[in-house]
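Good morning, everyone. Please look at the chain on the screen while I talk.

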Amino acid sequence: MRASNKGLKNLTNIVECPGCGKPKLMHHLCKHCYRNLRLRIRAELKEEVDNKEKERIKENLRIKEELRIKKESQGVRGEEGGEGVREVREVGR
Ligand SMILES: [Zn+2]
C-alpha cells in the first residue's frame with residue numbers, strides 16, 4: 001500500500017464536554033457549545049439592531065409630528081406659499 005507508514009492514528013485525547021456532555025478534543029473548544037454561543041450572540045446582536053431601528057423610526061415620526069405642528073401653527077403663511085406656487089404655475093401656462 002502506498003505511504004502506509006503515514007496512516008492515521010486513533011485519537012486518544014477525546015474527552016466529554018463539561019458543558020453539553022458531547023465528545024470533544026481535549027483543550028479544544030466544543031463545536032456544539034461554540035455553535036450555540038455563536039447563534040445566541042447573533043440573535044442578541046440582531047435584536048439590538050432591531051431595537052435601534054425601531055428607535056430611529058420613532059424619532060423620525062416624532063420629528064415629522066413636530067414639523068407638522070410647526071406648520072399648522074404658521075398655517076396662514078404656509079397656505080399663502082402654496083397659492084404663490086399655484087400663481088406661478090398659472091403664469092407659466
Ligand atoms: Zn459542549
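Start with helix H1, residues 31-73. Its 43 residues, at 1.5 Å a residue, should span 63 Å, and its end C-alpha atoms are 63 Å apart, so the two values agree. The expected span is 1.5 Å times one less than the number of residues. A helix here is a DSSP run of H or I with at least four residues; a strand is a run of E with at least two; both are numbered from the N terminus.

A word on the source. This is a predicted model: local features need pLDDT of at least 70, side-chain atom pairs count only at pLDDT 80 or more, and totals for chains, interfaces and linings use all residues. Residues are numbered from 1 along each chain as its sequence is written.

Of the chain's 93 residues, 2% count as buried.

Now the whole chain. There are two helices and two strands. Their order along the sequence is β-β-α-α.

Next, His27. This residue sits in the loop between strand E2 (23-25) and H1. Most residues other than glycine have a negative phi. His27 is exposed, because 7 other C-beta atoms lie within 10 Å.

Last, confidence. pLDDT is the predictor's confidence in each residue, from 0 to 100. The chain averages 85. Helix H2 (residues 75-92) is lowest, at a mean of 55. Strand E1 (residues 14-16) is highest, at 96.

Note on methods: A residue is buried if 20 or more other C-beta atoms lie within 10 Å of its own, exposed if 12 or fewer, and partly exposed in between; C-beta atoms are placed from the backbone.
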